[in-house]
Every structure is written in structure tokens, then in C-alpha cells.
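Q: I have a structure open here and would like to talk through a few of its side chains with you. Could we go residue by residue?

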Amino acid sequence: MTLGVIFDNFFKSGGGFQIVARWLHVLSGIAWIGLLYFFNFVQTPAYAELSPGARNEAFDKLTWRALWWFRWAAMSTFLFGLLMLGIYSSDTPSGASNYADPTSVTGASILTGVLFAVTMLANVWMVIWPNQQIVIGSVRQQLAGGEADPRQPDSAKRGARASRANTFFSITMLWFMVFTTHFAPLYATAGDLKNTAIYWIMVLALWAWVEANALGYVGGLDSAWNKFVFDDHKKTIIYGFVYWAVIFFIGWEILLKNV
Ligand code: HEM
């Protein structure tokens, strides 16, 4: 007699620990990305219509709380994701789902998703959060009758660009999260190294372009690309899908198909 199916081979690939980690990963992920979409699609346009006093109150009471859930949901998503990566990489009897191997189809797929997701995590903790602390610190000084911090406008812009980049990346990121186990294995079982290398060069170039722009390294925070794709959240969504289509159709339907 066993303790229960969920406890059999608990720590092995395909065992109970993996499904629990996957569940908590997706639960944390919806909390994170749900708040990201709230900030981008609801809060930003609404704050633009509020009076400065009401906006400062809302930053203090609402945004501050939302940011706590946002950054810890991001961390939790990441940690459960890492656990899953570890489970797959340490126990791959068939070799079919070696997530540590970027030349296997499942490896190429999950590592593409992880590239975008880890960039998003870094944007949350290293760009959005530090800059929002400056913005909210400044807002609180004003609520207490003091002066605004002169860094506030620049910090608000830096945080906003990274937040839009995360919204943009999220579309492609989630595709590869779900594609990995549910569709990628249909493409090929053994990678063609030349095409796989071209695939990775393309993905890394497209990734670097968007992230470098969002951080202001390509012509500043108001570069032509940033203004065109990130100023209006509807365009961020539309071009986010175009970006996914380029990576998926060129990357998978041309480069990695039947290699
Ligand atoms: C932060 C870094 C992240 C890492 C390291 C990571 C890692 C992983 C790994 C290893 C898997 C297993 C793939 C599979 O077996 O299907 C996975 C699946 C998944 N991840 Fe992530 N992930 C991250 C972020 C995210 C985010 C932000 C979301 C947003 C909701 C997300 C949603 C999902 C979903 C829905 C699945 C598929 C579950 C399934 O198909 O059964 N992940 N992730």
C-alpha cells in the first residue's frame, strides 16, 4: 500500500512535487501578470485623469499595496519555475524533455520562455521597484506638505518603460511556457545545430533590442521605438503579438521545423 498516488516518486520528473510546483507556479504567475496588466491597462490611463491630489493619495494607498503583491508574486513564480527546471534537468529518462539543452525542442522552447520571464523578473526588481520607491517617496513627501523629489519624473518614466516592455514580452513568454509540453514535441526530436544556432541568434537579437530600448540604451527613454510601441498600451499589445508571430513563424515553422 502506498500513501497515495501524489506521494509516489514524489521528487521524480512527473511526480507529485512537480505538479504541486507547476500549480503554485501558475497561481503566482496569474497574480503577477494580472497586476502587471492592471497597472498598464487600468491604473496608468486612470491616473492620467485623476487630479494631482487624488493621484498622490492613490499612489500612497493603492499602488504601494499592489506593488507588494506584484514583486513577491514575481519572485514566487520564478522560484517555482526554477524548481520545475531542476526537476526536468535532473531526471530525464527519455532525454526528450531536457530543459537544460537549448538544442532540444523542449529545451529551446522553455529556455525561450525563461529568457523573457527572467528579464521580466529583473525589470520588476531592478528597474520598476527601485524607481517606484522614488516616485512613491516623492508622493509621500508632497502629501506631508513637502516638495516633490526632482528625480520623480525620470523615475516614473524608467518604471513605465520597463513595465511596458514586460507587458510586451509577456505575450511571447506565456506562449513558450504552455507550448513546451503541449506542442513543441511535434516539431522535431533532434536539433539541427545550424538552424538552432540561427534561431538563438534571432531570439537573442530581438530580445536585446526591446530590452535595451526599454532601459534607454538605444537613443534614450524616448527613442522612436519606445514612443511608437510603448506610449500607448493598445499598440504594446498589438506589436507584442507581431513580435510573437515573428519569433514563432520564422523560428519554429521555418528554422526548427523538421530539422
Ligand atoms: C520567472 C521565470 C520563470 C521560469 C524560470 C519559468 C519556468 C517554467 C518551467 C520550467 C515550466 C515547465 C514547462 C512545462 O513543463 O510545461 C513552466 C511552465 C509554465 N509557466 Fe513558467 N516560468 C517563469 C515565469 C512564468 C510566468 C511569468 C508565467 C505567467 C503566468 C508562467 C506561466 C507558466 C505556465 C502557464 C506554464 C505551463 C504549465 C503547463 O503547461 O502545464 N511562467 N515555467
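A: Gladly, and since this is a predicted model, let us begin with Asp231, which counts as partly exposed at a relative accessibility of 43%.

Q: OK, and which residue does Asp231 form a salt bridge with, at 2.9 Å between the closest N and O atoms?

A: That partner is Arg161, whose side chain forms a salt bridge with Asp231, with the closest N and O atoms 2.9 Å apart. The two come from distant parts of the chain, 70 residues apart, as Arg161 belongs to helix H4 while Asp231 sits in the loop between helix H6 (224-230) and helix H7 (233-255).

Q: Is Arg161 buried or exposed?

A: Arg161 is buried, because its relative accessible area is 4%, and the cut-off for buried is under 20%.

Q: What about Lys227, what does its side chain meet?

A: Lys227 also meets Asp231 in a salt bridge, at 3.4 Å from N to O, and Lys227 is partly exposed, with a relative accessible area of 42%. Salt bridges with shared partners join Lys157, Arg161, Asp222, Lys227 and Asp231 into one network.

Q: How many salt bridges does the count come to?

A: The count comes to eight salt bridges. One of them is between Arg158 and Asp154, whose side chains meet at 3.0 Å from N to O.

Q: Where do Arg158 and Asp154 lie?

A: Both lie in helix H4, four residues apart, which is about one turn of the helix. Arg158 counts as partly exposed at 31% relative accessibility, and Asp154 likewise counts as partly exposed, at 39%.

Q: Switching topic to the ligand: which residues coordinate its iron atom?

A: His25, through NE2, and Met177, through SD, coordinate the iron atom of the ligand at 2.0 to 2.3 Å.

Q: And what is the geometry of that site?

A: The site is octahedral, with six donor atoms around the iron atom and angles of 84 to 179 degrees among them. His25 lies in helix H1 (residues 16-49) and Met177 in helix H4 (residues 152-182), so the pair ties together parts that are 152 residues apart in sequence.

Q: Last one: are those two side chains buried or partly exposed?

A: His25 is buried, with a relative accessible area of 13%, whereas Met177 is partly exposed, with a relative accessible area of 22%.

Conventions
Residues numbered from 1 in each chain as written. Predicted model: local features only at pLDDT ≥ 70, side-chain atom pairs only at ≥ 80, totals over all residues. Heavy atoms only, no water. Donors = N, O, S within 2.8 Å, 3.2 Å for Na, K, Ca; no water. Tetrahedral: all angles 85-135°; square planar, octahedral: opposite > 155°, others 65-115°. Buried < 20%, exposed > 50% of the residue type's maximum accessible area, 1.4 Å probe, protein only. Salt bridge = Lys/Arg side-chain N within 4 Å of Asp/Glu carboxyl O.
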